[in-house]
Amino acid sequence: MSSARRFIMAAASNSLSLKHSLSLWCPHSTSFSLHHQQPSSVAFRGFRRSYVSASSDFANDNREFVIVGGGNAAGYAARTFVEHGMADGRLCIVSKEAFAPYERPALTKGYLFPLDKKPARLPGFHTCVGSGGERQTPEWYKDKGIETFYQDPVMGIDIKDQTLRTNSGKLLKYGALFIATGCTASRFPDKIGGGLPGVHYIRDVADADSLISSLEKAKKVVVVGGGYIGMEVAAAAVGWKLDTTIIFPENHLLQRLFTPSLAKKYEEFYQENGVKFLKGASIKNLEAGANGRVTSVRLADGSSIEADTVVIGIGAKPAVGPFEQVGLNSTVGGIQVDGLFRTKVPGIFAVGDVAAFPLKLYDRVARVEHVDHARRSAQHCVKALLTAQTQTYDYLPYFYSRVFEYEGSPRKIWWQFFGDNVGETVEIGNFDPKIATFWIDSGKLKGVFLESGSPEEFELLPKLARFQPSVDKSKLQNASSVEEALDIARASLQQVGASV
């Protein structure tokens, strides 16, 4: 019996019944029951043991383990296979990317720095440097005996025959399949100008390179969307000294996380650096000039904003194609998995942004688009398979952003959030330089946000969110500083016996 078969039989034998509500940010959504029973055995074909380099002719042999994807989850999954001695001659990565897996958040942060301010470039941010690990260059994959196929996306799957079909026509048999395809950017329809030259979306290096080419010639930039992408791209545009406007339909920046008061602090900082806001605005279409390139953004009220470069950051969609038959979640989107990232199909797993998984801490199903989850889910899934561990994934939601970090910036912005943004809020600080927000529900601390904290202060946040200690709201409200408020929260941890 092959090692892959032994591992997957062990992992598949542990079934899991789940009942969760279906939203990360909406805790009162409806719930459902998922009875996820994996068969006690999985049929596998024989696997080759010799390593075939990525540059050699493709041989239609079986691969024990195949990862589909080229982002964070793929890179961290590969590292976990290596750590367990199960990569050499056994693992294959198939990706639509032109590069080895890399730390995707860099694309809207350091990658967009002005060219004279030391922008990030590959191979500098290949996985797993984002977590302090080794830089996994293409040579690293060769040295570890990992077969790689770049710029060849998977177009089809035959589940019965355990075979993938790539864009180039390759037929790739697998023993265990790991879907780490992430997300695709939500786009404006072509009929309203979404495909015009000068209109950009950012999901990969090619997208970022195209945007940089536009920024080099741009004068007026419009960013559509007030979320992470919008805030990070606008901050970069300030570094390029460009006329920058952010347009979004919500009432304030990052509405799914920021409170109105918190958002106001960031909006004021952006405005001080020349960024203009159009809030509560709807876009009718993007308009082109005689040369076919975008020239303006037409709003629903008939007004227009001049722009020679438009960046659309209105969210993303899980990249489930061509894996719909594996089983989707109709509420949060993505591929449904259990607490070990097993799909309903034996031997097929999904990790990272594309996975709809049980968020154990809050008793609901979620799909999290964040690098931290991509890393952790990939590691947990592979470790569970290779060691037959039965401990379910217990993720603590975590989000962060770092902007204005280029040389000459008036101030660096770096915030972190852990937990769940539910309940009442207490805001402490004046953004000069720190500000903290605490979410309290039924007397318990559920979530915490901190801007410009020290390393020690940032280390406290996940402990607070994980243990959810009871806190005295009035004490927090009367705190004279962020430091005092964090001390009050720290003391509440000690009362529940948590180590601080």
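**Helix H4**

I began with helix H4, residues 205–215, and listed its buried residues: Val 205, Ala 208, Leu 211, Ile 212, Ser 214 and Leu 215. The model I am reading is a predicted one. I recalled that an α-helix has 3.6 residues a turn, so residues three or four places apart point the same way.

Next I looked up what lies against these residues. The buried residues of H4 pack against strand E10 (199–200), strand E11 (220–224) and strand E17 (309–312).

I then checked the N-terminal end of H4. Asp 204 caps this end, with a side-chain oxygen 3.2 Å from the backbone nitrogen of Ala 206.

**Leu 211**

I picked Leu 211, which lies in H4. Is Leu 211 buried or exposed? Leu 211 counts as buried because its relative accessibility is 0%, and the cut-off for buried is under 20%.

I listed the contacts of Leu 211, leaving aside neighbours within four places in sequence. They are Leu 112, His 200, Ile 202, Thr 309 and Val 311. I also took the spacing between Leu 211 and Val 199: they are 12 residues apart in sequence and 8.5 Å apart in space, C-alpha to C-alpha.

**Nonpolar cores**

I turned to the largest nonpolar core, which has 135 residues. Which of its residues touch the most other members? They are Tyr 270 and Trp 415.

For Tyr 270 I wrote out the residues touched, not counting those up to four places away in sequence: Met 231, Glu 232, Ala 234, Ala 235, Ile 246, Val 275, Phe 277, Val 403 and Phe 404. Apart from this core lies another, of 17 residues, and Ala 185, Val 199, Val 294 and Ile 312 are among them.

**Cavities**

I searched the whole structure for cavities of 30 Å³ or more and noted 3.

I recorded its lining as Thr 108, Lys 109, Phe 113, Glu 232, Ala 235, Ala 236, Arg 402, Val 403, Phe 404, Glu 405 and Tyr 406. Glu 232, Ala 235, Val 403 and Phe 404 in this lining were already in my notes as residues touched by Tyr 270.

Which elements each supply at least two residues of the lining? Helix H5 (228–239) and strand E23 (398–403) do. The largest share, 3 residues, comes from H5.

Last, I sorted the lining of this second largest cavity by residue class and got 6 nonpolar, 1 polar and 4 charged.

Terms used. Residues are numbered from 1 along each chain as its sequence is written. This is a predicted model: local features need pLDDT of at least 70, side-chain atom pairs count only at pLDDT 80 or more; totals for chains, interfaces and linings use all residues. Side-chain values use heavy atoms; hydrogens and water are left out. A nonpolar core is a set of buried Ala, Val, Leu, Ile, Met, Phe, Trp, Tyr and Cys residues joined through side-chain atoms within 4.5 Å. Buried means under 20% relative accessible area, exposed over 50%, partly exposed in between (1.4 Å probe, protein chains only). Contact means heavy atoms within 4.5 Å. Helices (H or I, at least four residues) and strands (E, at least two) are DSSP runs, numbered from the N terminus. A polar contact is a pair of N or O atoms within 3.5 Å; within protein, one must be able to donate a hydrogen and the other to accept it, and residues adjacent in sequence count only if both atoms are side-chain atoms. On a 1 Å grid over the protein atoms alone, a cavity is a set of points where a 1.4 Å probe fits but cannot get out, and a pocket is an open set with protein on both sides within 12 Å along at least five of seven lines; lining residues have an atom within 4 Å of a point. Grid points are joined across faces, edges and corners, and a volume is the space filled by probe spheres set on the points. Ala, Val, Leu, Ile, Met, Phe, Trp, Tyr, Cys and Pro count as nonpolar, Asp, Glu, Lys and Arg as charged, and the others, Gly among them, as polar.
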